[in-house]
Number of protein chains: 4
Amino acid sequence: MARMGLKVAVYGGSGYTGGELLRLLSGHPEVGGIEVSSRQHAGKVVGDVYPELAVRETFVEAGEIDGSSLDVAFVAYPHMESAGLVKELLAAGTRLVVDLSADFRLPDVAMYEEWYGPHPAPELLEEAHYGLPEVFGSPEGGRLVANPGCYPTAAILALAPVVKRIAVSSVSVNALSGVSGAGAKPTQKSHFVSANENVSPYGVSGGAPRHRHTPEIETMLRRFAPGTPNVTFVPHLLPISRGELETIYVDLPEGAELPGAGDVLGWFAEDYDGWAFVEGRPEVPQISHVVGTNRARLSVAVDERAGRLVLFSALDNLLKGASGAAVQNMNLALGYAETAGLEYLR
Amino acid sequence: MARMGLKVAVYGGSGYTGGELLRLLSGHPEVGGIEVSSRQHAGKVVGDVYPELAVRETFVEAGEIDGSSLDVAFVAYPHMESAGLVKELLAAGTRLVVDLSADFRLPDVAMYEEWYGPHPAPELLEEAHYGLPEVFGSPEGGRLVANPGCYPTAAILALAPVVKRIAVSSVSVNALSGVSGAGAKPTQKSHFVSANENVSPYGVSGGAPRHRHTPEIETMLRRFAPGTPNVTFVPHLLPISRGELETIYVDLPEGAELPGAGDVLGWFAEDYDGWAFVEGRPEVPQISHVVGTNRARLSVAVDERAGRLVLFSALDNLLKGASGAAVQNMNLALGYAETAGLEYLR
Amino acid sequence: MARMGLKVAVYGGSGYTGGELLRLLSGHPEVGGIEVSSRQHAGKVVGDVYPELAVRETFVEAGEIDGSSLDVAFVAYPHMESAGLVKELLAAGTRLVVDLSADFRLPDVAMYEEWYGPHPAPELLEEAHYGLPEVFGSPEGGRLVANPGCYPTAAILALAPVVKRIAVSSVSVNALSGVSGAGAKPTQKSHFVSANENVSPYGVSGGAPRHRHTPEIETMLRRFAPGTPNVTFVPHLLPISRGELETIYVDLPEGAELPGAGDVLGWFAEDYDGWAFVEGRPEVPQISHVVGTNRARLSVAVDERAGRLVLFSALDNLLKGASGAAVQNMNLALGYAETAGLEYLR
Amino acid sequence: MARMGLKVAVYGGSGYTGGELLRLLSGHPEVGGIEVSSRQHAGKVVGDVYPELAVRETFVEAGEIDGSSLDVAFVAYPHMESAGLVKELLAAGTRLVVDLSADFRLPDVAMYEEWYGPHPAPELLEEAHYGLPEVFGSPEGGRLVANPGCYPTAAILALAPVVKRIAVSSVSVNALSGVSGAGAKPTQKSHFVSANENVSPYGVSGGAPRHRHTPEIETMLRRFAPGTPNVTFVPHLLPISRGELETIYVDLPEGAELPGAGDVLGWFAEDYDGWAFVEGRPEVPQISHVVGTNRARLSVAVDERAGRLVLFSALDNLLKGASGAAVQNMNLALGYAETAGLEYLR
């Protein structure tokens with residue numbers, strides 16, 4: 001049944017971020033019609049394939065969707081596959097494309113190629129708006145939003161207010177994530193018996209930490225704090241379905257004065273004033289405080305004995321870390337309330 | 001049925017470490033008789049109270065056990081309650097006391113009083129052997145073993161080989177632990193619905209990290225590396241029953257050369273050669289690699305981009321982090337094979 | 001900030017059903033103001049006590065709420081404590097009381113007293129509407145709704161269409177529930193380490209199944225199928241936070257003809273046509289299909305080899321099994337859409 | 001290092017039952033040498049592929065093992081692949097083969113072909129001993145043991161003492177199992193995010209229960225109680241790694257007198273007297289009581305209101321339900337103590 005409202009499409013609707021988008025868009029007050037593609041499930045009703053989603057739309061092949069008729073396209077493809085479709089959609093006249101892959105997150109082609117590979121549409125990099133509006137502003141009026149990585153979202157929200165104001169000499173991000181962050185494809189690592197009652201650090205290869213979210217964190221922080229040092233980033237897989245917590249160890253240059261916890265909470269309050277989903281609080285955030293919501297919760301502990309700040313940042317990797325942020329970006333880009341379709345989650 | 005062999009007692013047998021001790025001692029080839037005290041369960045058969053333990057002994061009141069007849073007493077009391085009993089047992093003539101509380105871990109009375117409170121038996125501090133034999137040697141022949149904290153065990157095993165050899169300027173220990181580490185007493189925090197699908201950082205109070213294992217880590221490392229800086233230690237509660245993983249971020253002084261991953265693995269090999277339960281390996285350890293065993297597994301990643309070492313250390317908090325170590329200490333103190341009663345776990 | 005709309009109160013807001021009610025009512029389009037009582041937390045902001053709830057109301061003592069001003073009161077008190085408050089509220093003039101306790105579920109005083117104890121307000125029993133509208137009709141216009149037990153909801157939804165149409169000779173309900181069903185109070189049973197990696201049958205005492213939901217299931221089915229035999233009901237605690245699944249084994253009298261699976265699905269379709277939240281489907285329901293929603297999902301398998309029906313019924317114990325149903329009952333009683341405030345869950 | 005003792009081989013060492021066998025055999029006092037085959041991992045050290053196993057043996061191709069030299073071969077192949085290898089081994093002169101597949105469990109070829117397919121070695125069916133010694137006696141002196149299915153083990157242990165003594169008219173087995181029961185191969189169903197916070201009934205196809213363990217349960221019970229009715233068997237996948245619980249609903253013929261709970265416990269005591277691993281107890285068993293052990297725990301509740309017995313049976317699906325039973329069968333077949341290598345698990 002077509003309601004009046006935005007015509008949207010979800011490309012790659014069978015993964016976790018695609019499914020979450022379908023759930024959010026189905027309940028979104030401004031959305032009138034949803035199309036959804038899936039190579040694997042084309043021809044089947046979404047709610048039959050995923051009985052947990054009460055969604056009556058039918059999966060189609062991507063090619064069956066008319067990009068020129070879309071108000072918004074959400075692209076939930078793997079990196080390096082996404083950029084080509086994004087380019088086509090913009091060429092066809094889709095009003096807004098929100099890309100959930102990594103393809104338009106790094107503004108620099110060389111950096112992209114070092115960490116991912118040849119970029120399929122470098123000419124669009126400049127136009128892409130990095131969709132972390134609380135730090136980089138609203139994408140209002142833009143055509144292309146690069147939806148941030150989940151880990152960078154948590155890290156940048158916590159670190160940006162700090163590195164903007166004081167020099168830091170060392171940053172180590174210890175990240176914990178639920179298994180949905182590793183994708184819907186069954187692997188030995190995501191097997192219940194492997195993941196359950198376990199924690200496994202990952203993103204280490206050849207004896208060195210090397211996760212692709214590292215340059216994203218660094219580059220984005222350097223936009224307003226060029227002296228930000230290289231960041232050590234070590235993610236760990238946890239036996240939970242969703243949710244993400246980062247504990248970030250920050251040293252200051254020799255002799256610099258440590259701010260108090262109240263100072264840092266004040267910076268959070270100042271920077272995120274007026275934004276609905278990001279909040280610094282005195283209590284340390286837990287994953288349960290944010291799961292099922294589009295919220296990010298921040299806090300800080302100041303270790304005067306050791307001369308170091310510890311920042312905490314928690315969010316739901318499928319919402320504020322992916323699909324929730326994508327809808328928030330759509331809202332802002334098109335001039336709706338930031339919270340439309342997102343307020344009633346927990 | 002009394003077998004020939006060691007006469008042992010477990011004081012405080014109804015907590016997790018006490019229960020694990022009963023399990024281990026029941027299968028120990030040198031143990032001939034076990035007594036077990038529990039205020040709460042006195043008069044009941046262990047296996048009736050804890051159907052998961054096939055243990056036929058009956059809980060008694062602590063006062064009913066004759067300390068003078070014991071070869072070994074394991075004291076699993078809370079800190080500040082333990083020291084008094086330890087003193088009595090030694091006075092009564094118990095051949096060996098292994099104390100699982102914190103009472104004899106910190107060699108310095110003033111430090112103990114800063115972090116815990118008035119020490120009930122300071123005159124025994126000097127005699128106590130810190131029971132991490134792979135680092136501090138065998139307690140062979142001693143009367144009193146201070147069984148280390150679970151977090152310090154993991155941290156010191158990973159850090160000792162490093163700080164012995166190179167100067168470090170900054171140490172942040174990110175620790176993850178299963179809920180058994182928080183004790184058997186039902187609390188809001190340990191309620192299934194609170195802990196499940198959650199991660200909660202703790203040990204932060206008044207806006208600062210302040211967990212009692214911090215000075216234990218620092219003091220023990222300073223025995224051979226007096227310049228070790230104060231350590232930031234942030235533990236997190238995970239939705240698993242048991243197991244512990246520490247990810248340790250280590251900065252070197254300005255201008256110092258980073259060792260390679262192979263170097264650090266070499267140091268592990270050198271220091272832990274001949275010890276059965278501690279092993280450095282190239283692959284990053286996961287909690288599942290050690291749960292149910294007395295093993296600690298170590299690894300390292302070298303972040304050349306950021307100029308920093310990352311150490312990994314995993315163990316089972318109830319085994320190598322508590323009761324397994326206690327049995328290992330008993331074995332060594334009395335001259336048995338280090339692995340007696342401990343080899344057949346996984 | 002007071003919006004226009006219904007004035008509602010939640011009595012006993014600090015348990016799981018109370019918290020879930022707050023979450024639902026906060027997002028309900030017809031609700032204008034919420035008051036919430038908690039002896040334990042009076043004076044504190046809900047969202048400070050429960051950081052997972054973005055609720056700004058302050059807990060008060062029950063006595064501080066003016067019952068005469070309320071459109072709707074939800075009473076989430078323990079049984080035998082609830083009836084007294086319900087009586088007071090109705091006397092004070094509260095327009096609608098939805099009682100989430102067991103106090104008004106059993107229509108027969110003697111039966112209540114056999115399974116619970118002396119009834120505090122038996123004179124109200126007759127007026128109470130058993131709030132399972134899909135089976136017993138809308139409470140429209142009523143003053144008092146007895147919100148059904150979670151297990152009876154699942155059992156009756158699956159069994160009612162069957163016992164209405166065919167005679168059955170034996171009914172065994174195997175029920176599985178998440179730990180939230182056992183309440184928010186920390187106990188040994190709800191301790192993470194006890195519940196995790198475990199399943200424990202309960203509701204057995206003195207060698208016999210004896211759970212209070214048994215007579216509720218029997219009595220309600222007998223309203224339209226007086227010959228329904230006594231039911232064996234065995235609940236099991238599962239290591240999940242929420243969700244409930246019942247697998248129900250139904251024998252037919254000697255010689256009776258087994259219906260086909262399609263027949264039973266047809267009965268479900270017929271009986272639940274027009275109701276938003278209850279649906280029979282060919283695929284066997286899983287807890288994940290309903291968690292986080294107000295849905296109940298039913299299915300059936302017909303074992304011709306053994307001559308027996310197996311019914312399946314899944315719901316979220318805190319939503320369709322408690323607070324979601326309570327809001328649905330409010331909607332119906334006051335003439336709103338059945339789904340108001342409930343559609344946008346998953 | 002070769003010890004003196006039995007020469008054993010594990011064929012199919014990379015699945016869960018194979019891994020568990022390796023763990024058990026490594027610690028078995030009578031085992032002197034272990035060979036282990038895995039097509040997938042041939043050439044690699046077991047402990048490198050599975051860091052949780054401290055096993056130094058190297059995986060080889062099955063063809064590299066000399067069957068004529070083996071005292072015992074454990075075959076952990078899929079059904080219909082196993083029988084061929086079993087035949088070869090026996091022909092080559094292997095002293096004892098313990099087959100963990102279903103190939104020799106059903107004594108009747110036609111029944112095997114109905115539920116599985118063409119039997120690769122029907123001539124060996126008669127020789128195979130069904131390895132549930134507590135019910136069917138010791139395999140002492142035999143050459144071929146058919147290790148029972150995990151579900152049948154739990155069901156038969158609980159039901160045999162009942163059906164031996166009284167007539168029953170209806171049997172419904174509600175079975176719950178951890179995810180390891182579904183095998184090590186990554187699938188959508190075993191993905192952490194699918195299994196976690198979920199319960200899914202399975203073994204239903206075309207609207208009817210149809211799990212292959214059903215005829216195994218029926219056939220084995222009919223050996224001594226030919227009137228045993230067909231059994232309804234419905235397994236459910238639970239979010240735990242290992243462990244199994246069956247709740248079994250048993251009706252008696254019209255007019256028959258219900259035994260008391262004490263009677264049934266007496267039957268358990270009588271039948272399992274002298275066997276180390278099977279025990280009936282008054283308290284209802286939980287999965288945590290048996291996980292990590294070779295024990296099965298039984299109990300009973302008598303529902304006089306409904307006229308029905310409820311039996312409970314719990315075991316660890318990888319131990320008493322598979323690899324532990326296999327080792328127990330080896331012990332008995334070769335004349336060792338039943339508990340050798342199995343006593344020290346929990």
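## Basis of the report

Buried area is the accessible area, taken with a 1.4 Å probe, that two parts lose on being put together, summed over both.

The model is predicted, and local features need pLDDT of at least 70, side-chain atom pairs count only at pLDDT 80 or more, and totals for chains, interfaces and linings use all residues. Residues are numbered from 1 along each chain as its sequence is written, chains are lettered from A and ligands numbered from 1 in the order in which they are written, and side-chain values use heavy atoms, with hydrogens and water left out.

## Chain A

Chain A has 10 helices and 16 strands; helices (H or I, at least four residues) and strands (E, at least two) are DSSP runs, numbered from the N terminus. Its radius of gyration is 20 Å, close to the 20 Å that the globule rule gives for 346 residues, so chain A is as compact as a globular protein of that length. That radius is taken over C-alpha atoms, and the globule rule is 2.2 Å times the number of residues to the power 0.38. Along its principal axes, the C-alpha trace of chain A spans about 65 × 45 × 40 Å.

Of the 346 residues of chain A, 63% count as buried, where buried means under 20% relative accessible area, exposed over 50%, and partly exposed in between (1.4 Å probe, protein chains only). A contact requires heavy atoms within 4.5 Å. Among contacts in chain A with a separation of 6 or more, 70% join residues 24 or more positions apart.

## Interface of chains A and B

Here 47 residues of chain A are in contact with 47 residues of chain B. A:Glu197, A:Tyr249 and A:Arg305 supply 18% of the area that chain A buries against chain B, more than any other three residues. A:Glu197 lies in the loop between α7 (192–195) and β9 of chain A, is buried with a relative accessible area of 15%, and has a positive phi, near 50°. Most residues other than glycine have a negative phi.

The interface holds 2 salt bridges, each a side-chain nitrogen of Lys or Arg within 4 Å of a carboxyl oxygen of Asp or Glu. A:Glu218 forms a salt bridge with B:Arg305, with the closest N and O atoms 2.6 Å apart. On the side of chain A that touches chain B, β8(A) gives the largest share, 6 residues. By class, that side has 26 nonpolar, 14 polar and 7 charged residues; Ala, Val, Leu, Ile, Met, Phe, Trp, Tyr, Cys and Pro count as nonpolar, Asp, Glu, Lys and Arg as charged, and the others, Gly among them, as polar.

## Interface of chains B and C

Chain B and chain C bury about 1400 Å² between them, 62% of it on carbon and sulfur atoms. The contact involves 18 residues of chain B and 18 residues of chain C. In chain B, B:His191, B:Phe192 and B:Val193 lose the most area to chain C, together 43% of what that side buries. The count of salt bridges between chain B and chain C is 0. Helix α7 (residues 192–195) of chain B supplies the largest share of the side that touches chain C, 3 residues.

## Two individual residues

B:Ser177 belongs to strand β8 (residues 170–177) of chain B and is buried, with a relative accessible area of 1%. D:Met80, in the loop between β4 (72–75) and α3 (82–92) of chain D, is partly exposed at 32% relative accessible area.
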